[in-house]
Amino acid sequence: MVEHVRIVEVGPRDGLQNEAATLPVETRVSFIEKLIAAGLTTIEAGSFVSPRRVPQMADTAAVLKAFAGRRGVSLPVLVPNMTGLEAALAAGAREIAIFASASESFSQKNINCSIAESFERFAPVVERAQAEGVAVRGYVSCVLGCPYEGAVPLSRVADVAERLAALGCYEVSLGDTIGVGTPNAARAMLRAVAERVPMKSLAVHFHDTKGQAVANIYACLEEGVRVVDGSAGGLGGCPYAPGASGNVATEDVVYLLDGLGFETGVDRAAIMEAARFALEALGKGGAMRRGP
Ligand code: HMG
Ligand code: MG
């Protein structure tokens with residue numbers, strides 16, 4: 001039987017949040033439409049965070065409203081606290097993602113609170129989301145290194161992932177926020193987490209800062225992970241992770257998975273089309289890294 005791998009597209013959120021240009025709502029909506037046309041069924045549409053901190057994600061409510069009632073695609077949005085959840089619910093969000101860190105310093109820089117405080121904020125957010133029938137995904141950042149602290153103990157990564165799962169996240173995405181991992185490190189990290197959270201509830205989220213993302217994904221597929229985050233065109237980075245470059249390009253993930261014989265339901269040429277559209281809108285039309 002052909003095995004399925006689910007690709008979670010994060011381009012419209014992780015991709016666009018770190019770009020110098022802020023795209024208008026219509027362009028963000030068109031980008032998402034093109035990603036849907038490429039066969040993606042989970043597409044992160046934006047964030048409900050402080051627009052002063054991340055102006056690129058302002059107006060996510062208007063982006064979501066453009067897809068009101070749309071079936072067959074899930075459009076999760078990042079939510080850091082109750083303010084974000086209220087706004088997401090009002091905009092019709094049916095799925096949210098909460099985001100924790102395995103590193104104290106990154107937690108402070110990114111969401112202005114400690115790891116412990118972040119869980120105090122998340123608990124009522126998840127409770128309320130679930131009461132509204134809204135699915136909750138979780139992220140752990142800095143799973144293979146922190147831009148401020150360097151190495152991060154695997155036990156801390158596993159602890160944070162386990163706490164997110166225990167809170168009620170249906171899936172926990174393990175983020176190499178600054179793209180410092182290499183395959184054996186990625187494998188060891190995933191194994192450590194999978195001892196505490198079932199593999200079927202885990203996803204991997206690699207940034208490609210040092211060109212290791214596809215190799216790391218391959219190692220994690222060998223370990224059994226079947227959900228992979230990607231960003232069309234390799235857009236992306238985190239404003240609070242200096243030196244972090246784009247996420248792994250979704251078109252490269254699709255090429256890898258096609259070649260390995262996995263089924264994704266995603267068309268690589270159509271992803272490239274969406275990526276080209278976003279890059280041109282950002283004034284970076286020449287930055288498309290791959291040919292057909
Ligand atoms: P804070 O300063 O601690 O919050 O920020 P506060 O409650 O003291 O509020 C401060 C101001 O923010 C107030 O406005 C609030 O109304 C407003 P003011 O009175 O100053 O005008 N505010 C909000 N506005 C909109 N939406 C909200 C919200 N909450 C408060 N939800 C906060 C805390 C988390 C909001 C802030 O630190 C923030 O927005 N941080 C940005 C976080 C972010 O988006 N980071 C990038 C995404 S994470 C990532 O990229 C990693 C990932 O990809 C995985 C990986 O790669 O590892 C997921
Ligand atoms: Mg990221």
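Three residues of helix α4 are buried: Gly84, Leu85 and Ala88. They sit on the same side of α4, because the arc they cover around the axis is only 100° (taken from the directions from the helix axis to the C-beta atoms). Buried here means 20 or more other C-beta atoms within 10 Å of a residue's own, exposed means 12 or fewer, and partly exposed is in between, with C-beta atoms placed from the backbone. This is a predicted model, in which local features need pLDDT of at least 70 and side-chain atom pairs count only at pLDDT 80 or more, while totals for chains, interfaces and linings use all residues. Residues are numbered from 1 along each chain as its sequence is written, and chains are lettered from A and ligands numbered from 1 in the order in which they are written.

**Confidence**

- The average pLDDT of the protein is 96, and 98% of the residues score at least 70 (pLDDT is the predictor's confidence in each residue, from 0 to 100).
- For the complex, the predictor gives a pTM of 0.97 and an ipTM of 0.98.

**More on α4**

- Helices (H or I, at least four residues) and strands (E, at least two) are DSSP runs, numbered from the N terminus.
- The cover over the buried residues of α4 includes β4 (77-78), β5 (95-101) and α6 (115-131), with contact meaning C-beta atoms, placed from the backbone, within 7 Å.
- Glycine 92 follows α4 and has a positive phi, near 90°.

**Around ligand 1**

- Ligand 1 is surrounded by 26 residues, and the closest are Val49, Ser50, Gly84, Ser141 and Gly175 (a residue is near if its C-beta atom, placed from the backbone, lies within 6 Å).
- α4 (82-90), α5 (104-111) and β6 (135-141) each put at least two residues into this shell.
- By class, the shell has 13 polar, 11 nonpolar and two charged residues.
- In that count, Ala, Val, Leu, Ile, Met, Phe, Trp, Tyr, Cys and Pro are nonpolar, Asp, Glu, Lys and Arg are charged, and the others, Gly among them, are polar.

**The nonpolar core**

- The largest nonpolar core has 88 residues, of which Val140 and Leu174 touch the most other members (a core is a set of buried Ala, Val, Leu, Ile, Met, Phe, Trp, Tyr and Cys residues joined through C-beta atoms within 7 Å).
- Helix α11 (residues 268-281) gives the most to this core, with six residues.

**Positive phi off glycine**

- Most residues other than glycine have a negative phi.
- Asparagine 112, not a glycine, has a positive phi of about 65°, and is found in the loop between α5 and α6.
- Asparagine 112 is partly exposed, because 14 other C-beta atoms lie within 10 Å.
- Cysteine 142 also is not a glycine and has a positive phi of about 65°; its loop runs between β6 and α7 (154-167).
- Cysteine 142 counts as buried because it has 32 C-beta neighbours inside 10 Å.

- Glycine 234 lies in the loop between β9 (227-230) and α10 (250-260), and counts as buried with 25 C-beta neighbours inside 10 Å.
- Beyond residues up to four places away in sequence, glycine 234 touches Asp208, Gly246, Asn247, Val248, Ala249 and Arg289.
- Proline 24, in the loop between α1 (11-15) and α2 (25-37), is exposed, with 12 other C-beta atoms within 10 Å.

Notes. Two residues are in contact if their C-beta atoms, placed from the backbone, lie within 7 Å.
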